[in-house]
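Q: Could you walk me through this model, starting with the overall fold and then going into the details?

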Amino acid sequence: PHIAHCITALDFEAVARGVLSHNSLSYVSSSANAGLSLEGNLSSWSRISFRPRVLRNVSSILIRTEILGFASPLPLYASAMGQLGRSHPGGEVEFVRGLARRGVHGLISTVSTNSTEEIAAAFRGEQEKLAETTSNGVTAAFPPSQLHFQLYCHNDRAVTLARIRRAKAAGFRSLWVTVDTPVLGKRTSDRRIQVTEALELGLERAAENAGFGWRSHAPAGDFQPALSWEDLAWIRKEWGEGPLVLKGVQCAEDVRLALQHGCQGVVLSNHGGRQAHTAPDALTTLLEIRTYCPEVLGKLEILVDGGLRDGSDVLKAICLGATAVGVGRPFFYALAAYGSRGIERCIDILAEELASGMRLIGIASLDEAKPERVNASRLFNE
Ligand code: FNR
């Protein structure tokens with residue numbers, strides 16, 4: 001289908017289903033255990049409604065903002081997804097070209113297909129092309145975008161340190177440590193595929209063992225189950241200057257601890273429903289923070305991700321105190337379907353919905369996106 005047929009961020013999935021292999025589809029769509037966290041994420045944002053104001057003169061509106069002190073054209077970034085080579089042959093390189101053309105921030109996964117350096121170079125290359133266009137007399141529509149590095153701590157500190165140093169040297173702006181993955185969650189659909197493949201190869205024993213890691217004591221390596229708050233001080237020191245963010249915080253107490261440990265931000269996230277089963281959706285955690293530790297709001301950036309599929313979802317998150325939101329799967333599908341043009345299109349769709357959503361609820365700037373503009377009372381009473 002023509003890219004113009006994609007009118008909502010959800011539309012890319014159907015197109016991607018026509019191009020992606022069975023394995024890659026399973027990788028992107030998979031969730032933990034019986035899938036309830038993922039379902040919860042997807043339904044969460046529609047559990048609250050708006051309280052629109054009328055007659056507010058919304059002829060001109062402002063959706064520009066900052067993420068961790070860096071300009072962003074809208075309060076949204078592309079969240080980390082590993083192995084984008086499974087989405088598109090151009091992998092992360094293709095992905096960040098689309099982001100750079102829209103000035104949108106991207107979080108780059110430790111387990112990327114392309115190297116840290118290749119991704120940074122592709123991004124810079126695209127920015128330079130834009131700058132040339134600008135000097136030819138065309139005004140750049142967006143501020144320069146930024147890349148951030150998502151860190152998985154390896155069980156060998158030397159490997160973790162190398163990851164941190166390479167990200168720093170390549171110019172990544174901030175370090176986001178994923179803390180919801182001491183071990184990989186139970187990815188049900190991936191296991192089904194492993195079983196099918198093993199049986200096809202006649203590997204009866206391997207099929208029966210697929211995924212049952214609890215019987216072995218060898219950690220996967222890429223993840224570090226021993227990671228604790230003490231390690232953060234070491235990471236903080238090795239990263240040096242520049243913001244540090246914890247990704248995958250899931251209750252109010254840990255937001256307080258993140259602040260005490262010198263973090264500039266937290267991502268309220270259950271990893272797209274791929275880790276702890278029935279972990280809270282970000283909206284629930286956001287409301288928990290508003291109830292139990294509202295004092296942290298304003299002291300560090302509250303980022304949220306999981307199930308945001310529409311600009312109005314983004315607006316609700318901002319109204320409740322998020323500084324920006326992360327989007328995952330829609331970008332994977334958009335990249336698979338149309339390469340970097342898909343990324344641009346997906347951003348345009350969400351930005352347009354956000355802008356029109358603001359006008360329709362009667363606010364002209366994000367500063368006016370306050371809790372009073374949503375009706376979350378039903379959730380508090382539940
Ligand atoms: C992820 N996510 C993720 N997170 C992370 O910290 N490091 C990673 O390497 C990955 N990889 C990854 C791959 C794929 C295919 C998906 C779908 C997700 C989690 C991701 O950053 C984010 O938290 C969720 O995807 C957000 O939810 P939605 O927008 O996908 O619903």
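Q: Among contacts between residues at least 6 apart in sequence, what share join residues at least 24 apart?
A: The share is 76%, where two residues are in contact if their C-beta atoms, placed from the backbone, lie within 7 Å. This is a predicted model, in which local features need pLDDT of at least 70 and side-chain atom pairs count only at pLDDT 80 or more, while totals for chains, interfaces and linings use all residues. Residues are numbered from 1 along each chain as its sequence is written.

Q: How many helices and strands does the protein have?
A: The protein has 14 helices and 12 strands, taken as DSSP runs numbered from the N terminus (H or I of at least four residues for helices, E of at least two for strands). Its radius of gyration, taken over C-alpha atoms, is 21 Å, close to the 21 Å that the globule rule gives for 382 residues, so the protein is as compact as a globular protein of that length; the rule is 2.2 Å times the number of residues to the power 0.38.

Q: And what percentage of the residues is buried?
A: Buried residues make up 46% of the 382, a residue being buried if 20 or more other C-beta atoms lie within 10 Å of its own, exposed if 12 or fewer, and partly exposed in between, with C-beta atoms placed from the backbone.

Q: Switching to H12, is that helix mostly covered or exposed?
A: Helix H12, residues 311–319, is mostly covered, with 9 of its 9 residues buried. Those buried residues pack against strands S4 (76–78), S10 (301–305), S11 and S12 (374–375), and also against helix H13.

Q: What happens just after H12?
A: Gly321 takes a positive phi of about 115° there.

Q: Where does Val179 lie, and why does it count as buried?
A: Val179 lies in the loop between strand S7 (175–178) and helix H7 (188–200), and it counts as buried because 23 other C-beta atoms are within 10 Å. Leaving aside neighbours within four places in sequence, Val179 is in contact with Leu246, Lys247, Gly248 and Val249.

Q: Which residues come nearest to the ligand?
A: Of the 24 residues around the ligand, Gly82, Ser109, Gly272, Gly328 and Arg329 come nearest, and a residue is near if its C-beta atom, placed from the backbone, lies within 6 Å. Helix H2 (22–29), strand S11 (324–327) and helix H13 (329–360) each supply at least two residues of that shell.
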